[in-house]
Amino acid sequence: MKDIKNVFRNLEKLLRDASWFDDDWEIYNRGPYLQLYKSNWHNHNQGGVHFETFIEAPQIKQKSFPICMHAEEDCPSQPEFIEKFLELESGRIKSWKGYQTIGKGYHICERTMPLNFKNLEQRIFEELNRLRQLSDSIEQTLNDVKGEPEW
């Protein structure tokens, strides 16, 4: 069995070395669990908007794991954010192989990946790289829901 924590350490290095990764991006990595987000996404306590993946005991048993986008309780106007964000991006998300939009609770979208260890870090990196293309729409939607009233 490959060391999952090592997979996530290598994944974090891949992310930090990516050409698009700059001072706005942040990573929360606690072993077999990782969140990728921007500093203004209200995720300082891991309860805002973020991309997330994890491979813990249940995922190892199922031989599959999720890659998802969440907008949790620290997201301003959470239900409105999710609704507006999905209005903007559900078409693009659904066009990506294996992705489904959810829009319930804090779940925005998810893809379940098979857990085989061949190029695992690279495969997760590619999915997070795909999800990060949503960052402009996330920021636009956050600005819309936090926006000043239009008088």
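User: Why is Cys75 called buried?

Analyst: In this predicted model, Cys75 has a relative accessible area of 4%. Buried means under 20%, so Cys75 falls in that class.

User: What makes Cys68 count as buried, and how do you know whether the structure holds disulfides?

Analyst: Cys68 has 1% relative accessibility, and the cut-off is under 20%, so Cys68 counts as buried. As for disulfides, the structure holds 0. The closest cysteine sulfur to that of Cys68 is in Cys109, at 7.8 Å. A disulfide needs the two sulfurs within 2.5 Å, so this pair is too far apart for a bond. Cys75 is in no disulfide either: its nearest cysteine sulfur, again that of Cys109, is 14 Å away.

User: Cys68 sits in E4. What makes E4 a mostly covered strand?

Analyst: Of its 8 residues, 8 are buried. Ser64, Pro66, Cys68 and His70 point one way from E4, while Phe65, Ile67, Met69 and Ala71 point the other way.

User: Why are E1 and E5 called edge strands?

Analyst: The sheet is open, with 6 strands in the order E1-E2-E3-E4-E6-E5 and antiparallel pairing. E1 (25-29) and E5 (99-104) each pair on one side only, and that makes them the edge strands. From one strand to the next, the twist averages 20°.

User: What makes Glu127 buried, and which side chain does it make a polar contact with?

Analyst: Glu127, in helix H4 (residues 120-131), has a relative accessible area of 5%, which is under the 20% cut-off, so it is buried. Its side chain makes a polar contact with the side chain of Tyr99 at 2.7 Å. Not counting residues up to four places away in sequence, Glu127 touches Ile67, Tyr99, Arg111 and Met113.

User: Why does Gln59 count as buried, and what is it in contact with?

Analyst: Gln59 is found in helix H2 (residues 57-62). At 9% relative accessibility, against a cut-off of under 20%, Gln59 counts as buried. Leaving aside neighbours within four places in sequence, Gln59 is in contact with Phe54, Ser64, Phe65, Pro66 and Leu115.

User: Which residues touch the most other members of the largest nonpolar core?

Analyst: They are Met69, Phe81, Leu128 and Ile138, in a core of 42 residues. Leu128 touches Leu11, Leu15, Leu34, Leu36, Phe51 and Ile67, not counting residues up to four places away in sequence. More generally, nonpolar side chains in soluble globular proteins tend to be buried together.

Definitions and conventions:
Residues numbered from 1 in each chain as written. Predicted model: local features only at pLDDT ≥ 70, side-chain atom pairs only at ≥ 80, totals over all residues. Heavy atoms only, no water. Core = buried A, V, L, I, M, F, W, Y, C linked by side-chain atoms within 4.5 Å. Buried < 20%, exposed > 50% of the residue type's maximum accessible area, 1.4 Å probe, protein only. Contact = heavy atoms within 4.5 Å. Helix = DSSP H or I, 4+ residues; strand = E, 2+ residues; numbered from the N terminus. Polar contact = N/O pair within 3.5 Å; in protein donor to acceptor, adjacent residues only side chain to side chain. Pairing = 2+ DSSP bridges. Axes fitted to C-alpha atoms, helices over the stretch in contact; angles between N-to-C directions.
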